[in-house]
Amino acid sequence: MKMGDDTARCEAVILAALPEESRRRKPIATVALISISALMAALVFGKYGSFEPDLAAFLYLGANIDSLAFGGQVWRLLSSSFLHFGLPHLLLNVICLFSFGSFLEKMIGGVRLLCVYLLTAALGGVFSCVMHEDTVCAGASGAVFGLFGATMAYIALSYRRLGIRIGDLMGYLKNSLIFVGINFVYSLMPDVDMAAHVGGLVGGLAVGALLAAPIRMEKSRYAEKLPKIVEMASALLFVVVVASWFVAHDTWRLS
């Protein structure tokens with residue numbers, strides 16, 4: 001309980017240091033992402049009468065696998081992040097997504113929260129495909145780790161400007177590293193996709209650093225442009241994903 005209490009206290013201090021507009025921001029984007037995952041679970045149950053049908057069913061609905069994702073069905077890198085292998089898998093990721101997402105959304109806003117989710121979900125999917133040949137993968141855990149990594153990087157690089165004391169920062173980072181360590185040990189269990197976790201976390205750290213640039217590098221004329229890279233990259237990814245779905249539509253049905 002001590003770790004959870006310390007983390008909650010650190011988050012409360014960090015939120016108190018934010019502008020009032022940010023503190024009052026509703027987690028609309030986070031709830032929207034959770035709603036999509038819930039709707040996908042309802043679709044799975046409605047179509048197959050179970051939350052855990054066979055792998056062929058998950059593949060049909062958009063689960064990730066290297067041969068299809070790298071064979072033109074790029075959309076699987078994102079669609080798989082909204083599919084879950086049963087209710088326990090869904091509930092665990094939804095709880096983490098709400099916890100990390102709503103906290104981060106107060107700091108960076110809903111649009112950029114969606115950018116972080118899309119980019120880190122896709123990167124986690126790529127890592128999964130590279131490391132797990134011919135393995136069906138799904139779940140939001142890569143994106144969840146991405147949101148967590150982005151939060152760590154954003155706070156670590158902008159704590160002075162946000163008025164966060166170094167002691168509170170170190171307390172938050174310590175608990176964050178403990179959380180990451182525990183989850184990476186958990187990732188060693190069979191059927192847990194560590195590759196997606198690593199890909200999401202690495203991507204989140206990079207994206208969070210770019211979003212914090214205007215605060216960290218306030219005297220640099222290039223700092224304001226760096227968050228635009230995140231927005232443009234996520235927009236490009238979205239276009240590529242949508243285009244790949246239309247192009248590979250017939251192939252998807254055959255697969």
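Author: Five helices each supply at least two residues of the lining of the largest pocket: α7 (87-108), α8, α9 (141-162), α10 (166-186) and α11 (194-216). Helices here are DSSP runs of H or I, at least four residues long, numbered from the N terminus. The model is predicted, so local features need pLDDT of at least 70 and side-chain atom pairs count only at pLDDT 80 or more, while totals for chains, interfaces and linings use all residues. Residues are numbered from 1 along each chain as its sequence is written, and side-chain values use heavy atoms, with hydrogens and water left out.

The pocket has a volume of about 740 Å³. Its lining counts 34 residues, and the closest to its centre are His89, Ala138, Ser141, Asp193 and His197. A pocket is an open set of points on a 1 Å grid over the protein atoms alone, with protein on both sides within 12 Å along at least five of seven lines; lining residues have an atom within 4 Å of a point. Grid points are joined across faces, edges and corners, and the volume is the space filled by probe spheres set on them.

A cavity is a set of grid points where a 1.4 Å probe fits but cannot get out. There are two cavities of 30 Å³ or more. The largest cavity holds about 80 Å³. Both α3 (28-48) and α7 supply at least two residues of its lining. Helix α3 gives the most, with four residues. The lining includes Ser37, Met40, Phe58, His84 and Leu90.

Now follow α8. It spans residues 110-131, and Arg112 lies in it. The side chain of Arg112 meets that of Glu231 in a salt bridge, at 2.9 Å from N to O. A salt bridge is a side-chain nitrogen of Lys or Arg within 4 Å of a carboxyl oxygen of Asp or Glu. Glu231 sits in helix α12 (residues 226-247), so the pair ties together parts that are 119 residues apart in sequence.

How exposed are the partners? Arg112 is partly exposed at 25% relative accessibility, and Glu231 is partly exposed at 23%. Buried means under 20% relative accessible area, exposed over 50%, and partly exposed in between, with a 1.4 Å probe and protein chains only.

Glu231 has another partner. Lys228 forms a salt bridge with Glu231, with the closest N and O atoms 3.7 Å apart. Both lie in α12, three residues apart, about one turn of the helix. Shared partners join Arg112, Lys228 and Glu231 into one network. Lys228 is partly exposed, at 43% relative accessibility.

Ser234 is also in α12. Its relative accessibility is 4%, so Ser234 counts as buried. Beyond its neighbours within four places in sequence, Ser234 is in contact (heavy atoms within 4.5 Å) with Cys115 and Leu119.

Val130 is exposed, with a relative accessible area of 56%. Together with Phe70 and Met131, Val130 makes a nonpolar surface patch of about 350 Å². Such patches join nonpolar side chains (Val, Leu, Ile, Met, Phe, Trp, Tyr) within 5 Å, from residues with over 30% relative accessible area and no salt bridge. The areas come from the Shrake-Rupley method with a 1.4 Å probe.

How values were computed:
Patch = residues over 30% accessible without salt bridge, like charges linked within 9 Å, V, L, I, M, F, W, Y side chains within 5 Å.
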